Each structure stands twice: as C-alpha cells, then as structure tokens.
Amino acid sequence: MANEPIVLFDNGYHKCLMFDSLVTGEGVQSNQFLVVDGKHEALIDPGGDLTYTPLAVAASKYMNIKEMDFVFASHQDPDIIGAIDRWIVHTRAKIVTSKLWARFLPHLVSSYVTNQLSGSVYDRIVSIPDAGANVRFGDSYLQCLPAHFMHSVGNLQFYDPVSKILFSGDLGAPWELRTTTCQCRISTNISLI
Ligand SMILES: [Fe+2]
C-alpha cells in the first residue's frame, strides 16, 4: 500500500497533501487531504474505519495527530466522516460540518466513546450555517463554501486562500435539461468563526 501523499502545495510553512491510495477492497474510492499551517493541522474528508488507521499512520509523519485542530467534513457520508468517533477520541480536533448534519453526526459516536469525553459530542462540532463561514486556522483560515444540493443537502466545499485550492469534495448533482439558467454566487461577506 502506497501511503505517501501527493504534495499539492508547499511553501515551507503551509502545506496541502492529498492521500489517494488508502482505500482498498470494495470501498468507494476517495481522497483524503491534510492541510498544515505552521504547527496547525486539519484533515478534510478523512473517511471511515477503512481509512482511519492508514491515514492516521501516514499523517503522523507530518504532525502529532493528537494535537490536530480540525476535521472538515463536506457532508455526512461514511467515506467522508464515518470514523468521527475515532478522530474525536484520539485527537482534540473539532469537527467542522454543515449545521444540517451536525445534529446527526453524534449518531456515529458510541456511548463508550461519549463516556470518555469530558463534554458532549456537540462540544466538538463546529456547525457551519447555510451561508458558509471562514474558520480561523493557524495564521489563515479555511473558507467553508455552501455547495448545497451539489451531491448532498447541506454540502460544503472548502477553499484554502493560501494555496488557492478548492477542495470540492463529492461534486455531482441531478440536473434537469429544461433548467436553462443558473445563477451561482459566492458570498464574500461570510462570517469568521
Ligand atoms: Fe458522498
């Protein structure tokens, strides 16, 4: 198994790494991303049990995963955030996701894990409003952009203004041919969390 990530961006302080070969067997192929800003780290769409161990091992080369700041989840699918319980119990990371899915994610966390936490699962979740938000990350921020109904209700995409990479996640939506016009607008006035 090749666990070495693809370096998408590296200016010596800020890094974006892509893991594209961690899924084996019958699981839906998916990519996982690690963003590093100095001593701060965030994972984007880390996946479920299938990828937890190889991703944790591979990412440990770049950080102490216990100190990770955030896990960003574009939506609620198992290949996106299925291992939320493991990330919650083995790191101090906050889970960033749409407010629509925030109230469902605790269903993925067993009472055994919940009992090990000093607070509730909700204390570890950052709920992003429908309009999106900029989440402070290291010396910069990661922008949570509303991409609702593009793949999932309450779907988010993440933009890193340092690397200028848009992490589009699972992009796909049913589209009717009779729909002839579409107005898409990204707000530049969303709040900073
Ligand atoms: Fe998905």
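How many bridges join strand E5 to strand E6, and do they run parallel or antiparallel? Three bridges join strand E5 (residues 70-72) to strand E6 (residues 94-98), and the two run parallel. Within this pair, Val71 stands opposite Ile95 in E6. Two strands count as paired if DSSP finds at least two bridges between them.

The model is a predicted one; local features need pLDDT of at least 70 and side-chain atom pairs count only at pLDDT 80 or more, whereas totals for chains, interfaces and linings use all residues. Residues are numbered from 1 along each chain as its sequence is written. The mean pLDDT (the predictor's confidence in each residue, from 0 to 100) is 87, and 89% of the residues reach 70 or more. Over residues 179-184 the pLDDT is below 50, and this stretch has zero contacts in the model beyond near neighbours in sequence. A contact requires the C-beta atoms of two residues, placed from the backbone, to lie within 7 Å.

The protein contains five helices and eleven strands. Of its 193 residues, 40% count as buried. A residue is buried if 20 or more other C-beta atoms lie within 10 Å of its own, exposed if 12 or fewer, and partly exposed in between, with C-beta atoms placed from the backbone. Among contacts between residues at least 6 apart in sequence, 57% join residues at least 24 apart.

Seven strands form an open sheet of mixed pairing, in the order E1-E2-E3-E4-E5-E6-E7. Strand E1 (6-10) and strand E7 (125-128) stand at the edges with a single partner strand each, so one side of each lacks a neighbour in the sheet. The twist from one strand to the next averages 20°. Helix H1 packs on the sheet, where it touches E2, E3 and E4, and its direction makes about 30° with that of E3. For these angles, axes are lines fitted to C-alpha atoms, for helices over the stretch in contact, and values run from 0 to 180 degrees between N-to-C directions.

Helix H1 spans residues 49-59, and its buried residues are Leu50, Thr51, Tyr52, Leu55, Ala58 and Ala59. Seen down the axis of H1, these residues fall within an arc of 160°, so they line one face of the helix. The arc is that of the directions from the helix axis to the C-beta atoms. The face turned away from the buried side carries the exposed residues Asp49, Thr53 and Val57. The cover over the buried residues of H1 includes strands E2 (14-19), E3 (32-37) and E4 (40-44) and helix H3 (84-90).

The largest nonpolar core has 46 residues, and those with the most contacts inside it are Ala42, Val71, Phe72, Val96 and Cys144. H1 gives the most to this core, with five residues. Such a core is a set of buried Ala, Val, Leu, Ile, Met, Phe, Trp, Tyr and Cys residues joined through C-beta atoms within 7 Å. Leaving aside neighbours within four places in sequence, Val71 is in contact with Leu43, Pro46, Trp87, Ala93, Ile95 and Val96.

Strand E9 (residues 140-146) has five of its seven residues buried, so it is largely enclosed by the rest of the structure. E9 pairs with strand E8 (residues 133-137) in the antiparallel sense over five bridges, and Val135 stands opposite Leu142 in E9. Four bridges join E9 to strand E10 (residues 156-160), also antiparallel.
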